[in-house]
Amino acid sequence: MIGVFATPSTLEVMGLAQKLGGDALVILLNGDDQAAETAARYGAGKVVLVDCGAICDPAALYSAVAGELNGLSHLVFPATKDGKTIAGYIAGKLGIPNLVDVVDVLAPNKFSKYSMGNRGRRRWRWMAPSP
């Protein structure tokens, strides 16, 4: 199962989750029933609504959804400031590697991302360790 953390405005991360294959569990932050229906149309097998307010505390969020996170093979988060903060915290609690700024999924353990360096923006591939 793929764990997807999103807000109603960042449901496009479902596209990356679909490329990973398998069922998707969507943790929808500050969403409503309409956003949950949209997530289901995008392929979510299960949607969990979490109201975390304007500032989502990673520890409080983890406590609220920890029981839902068993058996996940991947976590997908939007590349926002909050998404990256939450991703690092939850990946650390679950012992899952955390790779940020992925722009494409080439295979379940092969990703493409952009990075900035002294030569400008470069796209590169990263191979995740097999579970």
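This is a predicted model: local features need pLDDT of at least 70, side-chain atom pairs count only at pLDDT 80 or more; totals for chains, interfaces and linings use all residues.
**View 1. Cover of the buried residues of helix 3.** Helices (H or I, at least four residues) and strands (E, at least two) are DSSP runs numbered from the N terminus. In helix 3 (residues 58–65), Pro58, Leu61, Tyr62 and Val65 are buried, that is, under 20% relative accessible area, whereas exposed means over 50% and partly exposed in between (1.4 Å probe, protein chains only). Seen down the helix axis, these buried residues fall within an arc of 100°, so they line one face of helix 3; the arc is taken from the directions from the axis to the C-beta atoms. Ser63 and Ala64 are exposed on the face turned away from the buried side.

**View 2. Surroundings of valine 100.** Valine 100 lies in the loop between helix 4 and strand 5 (102–107) and is partly exposed, with a relative accessible area of 28%. Leaving aside residues up to four places away in sequence, valine 100 touches Lys84 and Lys113. Its C-alpha atom is separated by 8.4 Å from that of phenylalanine 77, which is 23 residues apart along the chain.

**Notes.** Residues are numbered from 1 along each chain as its sequence is written, and side-chain values use heavy atoms, with hydrogens and water left out. Local features need pLDDT of at least 70 and side-chain atom pairs count only at pLDDT 80 or more, while totals for chains, interfaces and linings use all residues.

Definitions and conventions
Contact means heavy atoms within 4.5 Å.
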